[in-house]
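Biologist: Please show me the model, and let us then discuss it by question and answer.

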Amino acid sequence: MSTAPLLERVRPAVRDLPAYNAGLSAEYVRRTYGVAHVAKLGSNENPLGASPAVATALGQIGAELAQYPDPACGALSERLAAELGIHPARLIFGNGSEDLIAIAAHTFLAPGDEVVTMTPAFGLHTIYPAAAGARVVTVPLRPDFTIDVERLIAAVSPDTRMLILSNPSNPVGSALCRQDMQRLLAALSPATLVLWDEAYYEYAATDADYPDGLQLLGATSLPWLLLRTFSKAYGLAGLRIGYGVAADSAMLELMHRMRTPFNVNRLAQSAALAALDDRAHLRASVRHATDERERIGEALRERGYRVAPSRANFVFFDTGEHALSLARRLLERGVIVKPWLEPGYQRCMRVSVGSRADNDLFLAALHACASIGPAQHPIDRSCESLSKP
Ligand SMILES: *Cc1c(COP(=O)(O)O)cnc(C)c1O
């Protein structure tokens, strides 16, 4: 028996799809490297965990597990819509916000369509459009790791079906300021869907010059979908729930047809409601992440590394050497980070903010493992030589 005749007929868009780099689990690293403690700093998770109110809510759900969840996430919709000041029909929920990226790609993109995004970027911003057969054009960052708004404006045209950006950017952490975001939006055609991914919104929201996506997109007449998640600042990555706010409900009617009907499970819906109630836990999570992010960034800069300005719960920096091999040496010391693999950024590494002790472990392990002295780090110009979009 052979599956070859089947596999030969698979769409090229699927056959050529790159695998998502999901990072390593703590169990795997413990087993493989025989380390007692693992600092899991590769996936931007909340080291404070979820609010204790979430465990309480989940404990009460046992009797309902035999019943399907609410396919409309009704209670959560009402609650969140009131908080955001929008009509609930403009909200859509996903099995993580990544689910919504996939649904948007399969709803709004056809084979051959053009999508514009950045590099480096969240892998799924290119993988899901590519799965839908779209052609993805990527715009590199400026050499100082800031978002190159001029090149983004130059890259978009009325032929662009979708613009996908994360603000703050994952993996870099830099964010467009209000003025640059407005310039970019003003350059778009009404035929371009703006997929604005604010997975790290809560960490940046208190900065005075951070452009609130909901406010700025809402002031345009463009089609847009804003994504946020409970995985990061709310500490619910394991439960999988994120949401989207759309320009209007007509867009969402199509997306609802393309999603699986019960894409958000009962536990996730209940946990999200409980998490929204605990504002103090959210504030403590954000405070910890931003304080520690600045401490890690400062320590790296003092050692001579080139560090991106971050508004999120991670730090992206130029290690001055091949980041993948450096990351392997860090694993031997029980430290998981994310070495960047995209061309032009292969000396760069993203480290998530962990507990204070884990962040110290990372800084000490980096000091021990780095193969060249910080003073000798040449500036990485490789990203400047990337071809124009
Ligand atoms: C983490 C992340 C997401 C996905 O989060 P979910 O866990 O799927 O909600 C989406 N976009 C970006 C940029 C992220 O970093």
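Biologist: By class, how do the residues of the lining of the largest pocket divide?

Modeller: This is a predicted model, in which local features need pLDDT of at least 70 and side-chain atom pairs pLDDT 80 or more, while totals for chains, interfaces and linings use all residues. Residues are numbered from 1 along each chain as its sequence is written, and side-chain values use heavy atoms, without hydrogens and water. A pocket is an open set of 1 Å grid points, computed over the protein atoms alone, where a 1.4 Å probe fits, with protein on both sides within 12 Å along at least five of seven lines; lining residues have an atom within 4 Å of a point. With Ala, Val, Leu, Ile, Met, Phe, Trp, Tyr, Cys and Pro as nonpolar, Asp, Glu, Lys and Arg as charged, and the others as polar, the lining divides into 15 nonpolar, 16 polar and 8 charged residues.

Biologist: Which residues lie nearest the centre of the largest pocket?

Modeller: About 940 Å³ of space lies in this pocket, a volume filled by probe spheres set on the grid points. Its lining has 39 residues. Nearest the centre are Tyr20, Asn21, Phe122, Gly123 and Lys338.

Biologist: What is the space taken by the ligand?

Modeller: Surrounding the ligand are 13 residues (a heavy atom within 4 Å), the closest being Asp197, Tyr200, Thr229, Ser231 and Lys232. By class, this shell has 3 nonpolar, 6 polar and 4 charged residues. The space that the ligand takes is the largest pocket.

Biologist: How many Å lie between a backbone N or O atom of Ser97 and an oxygen atom of the ligand?

Modeller: For Glu98, a backbone N or O atom lies 3.0 Å from a ligand oxygen atom. For Ser97, the corresponding value is 2.6 Å.

Technical notes: A polar contact is a pair of N or O atoms within 3.5 Å; within protein, one must be able to donate a hydrogen and the other to accept it, and residues adjacent in sequence count only if both atoms are side-chain atoms. A molecule sits in a cavity or pocket if more than half of its atoms lie within 2 Å of its grid points.
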